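Visitor: Could you walk me through this one while I look at it?
Guide: Gladly, here it is.

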Amino acid sequence: MAWDFSTEPEFEEKLEWIRRFRAERVDPLDLLHPDRAYHPLDDETGPIVRALKQQVRDQGLWAPHLGPELGGRGFGQVRLALINEILGASSWAPVIFGTAAPDTGNAEIIARYGTEEQKERYLQPLLEGECFSCFSMTEPQAGADPTMFTTRAVRDGDNWVITGRKYFSSNARTSKFVIVMAVTDPDVSPYKGMSMFLVPSDTPGIRMERNVGLLGEGPEDGMHALIAYDGVRVPGDALLGGEGQAFAIAQTRLGGGRVHHAMRVVGQCRRALDMMAERALSRETQGGRLADKQLVQADLADSYAQLTQFRLMVLYTAWQIDQYNDYKRVRKDIATIKFLTPKVLHDVVYRSMHLHGALGVSNEMPFADMWTGAAVMAVVDGPTEVHKITVARDLLRGYEATPGLWPTQHLPARREWARKQLENL
């Protein structure tokens, strides 16, 4: 089976435009407004961000993950991966290009499962880039394990009433609506007894208990909410997809998203490697450059090898999705890149940060957010351990136990087999 990641010259020109545009126009936002990418636009950021978004639209690159019928380009996963590799080095770039999580995944599932009314009310504002949304799934006592979810949605006439608590609901603080995953039939398997609901954030009964921040963020900076749903009443048409389809919808949402996360991490690691190489060539100690020290050379080589292997694995996974259009078929490789992502980010960023010495651990370099991202990537979209189990189980399905006492590659038995093969010539 042959495979490659080459793209046509016209698309390469688009990638080059994205590189220049991000470096010259978007990176300044990261430097001047580093913590405001997921906040509503104001008088200061609004004119700048809307102008940049329009330039992206003029290039036909807005929300490229969506199909042409929704204003995207339908690029496919390989091209999206190459785009996200460039955008990943910036916190503002996904917002400027309409590829920010969780909005991208939310837009995809509304486009696929939503009614026409739901698309007009919820999807269109997302596509226009004028609002944020929230995916409210995990719970305080359960994490991402759906078998332990307790948030319930109960029918009451033509309405549904949602009661429970959700944790780490990203962007709930600034969202216009949330997509809530709740148990609607506790008497069947959790994978068949949960449903999703589209709920405006200002619906009575939604109570933000607190906004949780990431490592190093102040108590007022959190963007990941602990939400109480205190008898939230929504109409029957708030149901997204069919009743009991929540798990299937969630898997549809997460498959491509994990590829995008991974390629954004590739972009961050490339930035860390660039800083590491620059530092090695620039800093002198004990009579020579850091670049001439063998341990530094080893760290550079390990970082390059680790990053290159990971990048190829992600692109191969994206290529398979494009070829087969079947996330289940590629499940093992999607899970593999998911658990590799935090390890690669941690290792490459740490080596670069360490090489910068005291400057590296100061707030005058960007390493803190990058390294914290490794811990975050190890738990978002399911913890690393879960994905390793998925890979092992899927891998073992292609094998069988040995039929006898000895392994099939046991050399005495193999030699006996070889003798018999040659006797029959």
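Guide: What follows is a short talk about a pocket, the nonpolar cores, a helix pair and some backbone details.

Visitor: Before that, what kind of model is it?
Guide: It is a predicted model, in which local features need pLDDT of at least 70 and side-chain atom pairs count only at pLDDT 80 or more, while totals for chains, interfaces and linings use all residues. Residues are numbered from 1 along each chain as its sequence is written, and side-chain values use heavy atoms, with hydrogens and water left out.

Visitor: How much space lies in the second largest pocket?
Guide: About 370 Å³. A pocket here is an open set of points on a 1 Å grid over the protein atoms alone where a 1.4 Å probe fits, with protein on both sides within 12 Å along at least five of seven lines, and lining residues have an atom within 4 Å of a point; the volume is the space filled by probe spheres set on the points, which are joined across faces, edges and corners.

Visitor: Switching to the core, which residues touch the most other members?
Guide: In the largest nonpolar core, of 89 residues, they are Ile96, Phe97, Ile179 and Met196, and helix H7 (residues 246-282) gives the most to this core, with 14 residues. Such a core is a set of buried Ala, Val, Leu, Ile, Met, Phe, Trp, Tyr and Cys residues joined through side-chain atoms within 4.5 Å, buried meaning under 20% relative accessible area, exposed over 50% and partly exposed in between (1.4 Å probe, protein chains only). Apart from it lies another core, of 18 residues, including Cys134 and Leu239.

Visitor: What does isoleucine 96 touch?
Guide: Leaving out residues up to four places away in sequence, its partners include Phe21, Val49, Leu52 and Trp62, with contact meaning heavy atoms within 4.5 Å.

Visitor: At what angle do H3 and H8 cross?
Guide: The axes of H3 (residues 77-87) and H8 (residues 294-324) cross at roughly 145° and come within 7 Å; axes are lines fitted to C-alpha atoms, for helices over the stretch in contact, and angles run from 0 to 180 degrees between N-to-C directions. Among the residues making the contact are Ala81 and Leu82 of H3 and Leu315 and Trp319 of H8.

Visitor: Last one: is phenylalanine 75 buried or exposed?
Guide: Phenylalanine 75 is buried, with a relative accessible area of 11%, and lies in the loop between H2 and H3. Phenylalanine 168, by contrast, counts as partly exposed at 28%; this residue of strand E3 (residues 159-170) has a positive phi of about 55° although it is not a glycine.

Technical notes
Helices (H or I, at least four residues) and strands (E, at least two) are DSSP runs, numbered from the N terminus.
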